Amino acid sequence: MRRLAEVLGLEQREIYLLANPRAVALLEPKEVSSRQSAWEQFRQDKRLQRLHNVTADEMEMLACVARMGEIESPRAFVYILNAVRYALGR
């Protein structure tokens, strides 16, 4: 995992959480009162967007997803994005 992290330019923890999205809830405490929605947090997190090479078209798609219901965390958008990319063969 260390070598993969080096090649991808990610931390080992990041790779683990991408491969095991349910572990996020166990490792990161849930915010009790968050003023911003997960979508707003994701939308404003330019570092996370750059890290995952999120395009403008993908941001539009994720905005549609955000309107469908409440998403728990900004990282869930990364999971959704990766699922869509996989389904489209990207």
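This is a predicted model: local features need pLDDT of at least 70, side-chain atom pairs count only at pLDDT 80 or more; totals for chains, interfaces and linings use all residues.
Q: Why is α6 called oblique to α7?
A: Helix α6 (residues 56-68) and helix α7 (residues 74-87) pack at an angle of about 120°, and their axes lie 11 Å apart. Angles of 65 to 115 degrees count as roughly perpendicular and those over 145 as roughly antiparallel, and the rest, apart from angles under 35, are oblique. The angle of about 120° therefore makes α6 oblique to α7.

Q: What makes the contact between α6 and α7?
A: From α6 come E58, M61, L62, V65 and A66, which meet F77, I80, L81, V84 and R85 of α7. Contact here means heavy atoms within 4.5 Å.

Q: Which residues line the second largest pocket?
A: Its lining consists of L8, L10, L18, L51, H52, N53, N82 and R85. About 170 Å³ of space lies in this pocket.

Q: What makes four residues of that lining nonpolar?
A: Leu counts as nonpolar, and L8, L10, L18 and L51 are in the lining. The other residues of the lining divide into three polar and one charged.

Key
Residues are numbered from 1 along each chain as its sequence is written. Side-chain values use heavy atoms; hydrogens and water are left out. On a 1 Å grid over the protein atoms alone, a cavity is a set of points where a 1.4 Å probe fits but cannot get out, and a pocket is an open set with protein on both sides within 12 Å along at least five of seven lines; lining residues have an atom within 4 Å of a point. Grid points are joined across faces, edges and corners, and a volume is the space filled by probe spheres set on the points. Axes are lines fitted to C-alpha atoms, for helices over the stretch in contact, and angles run from 0 to 180 degrees between N-to-C directions. Helices (H or I, at least four residues) and strands (E, at least two) are DSSP runs, numbered from the N terminus.
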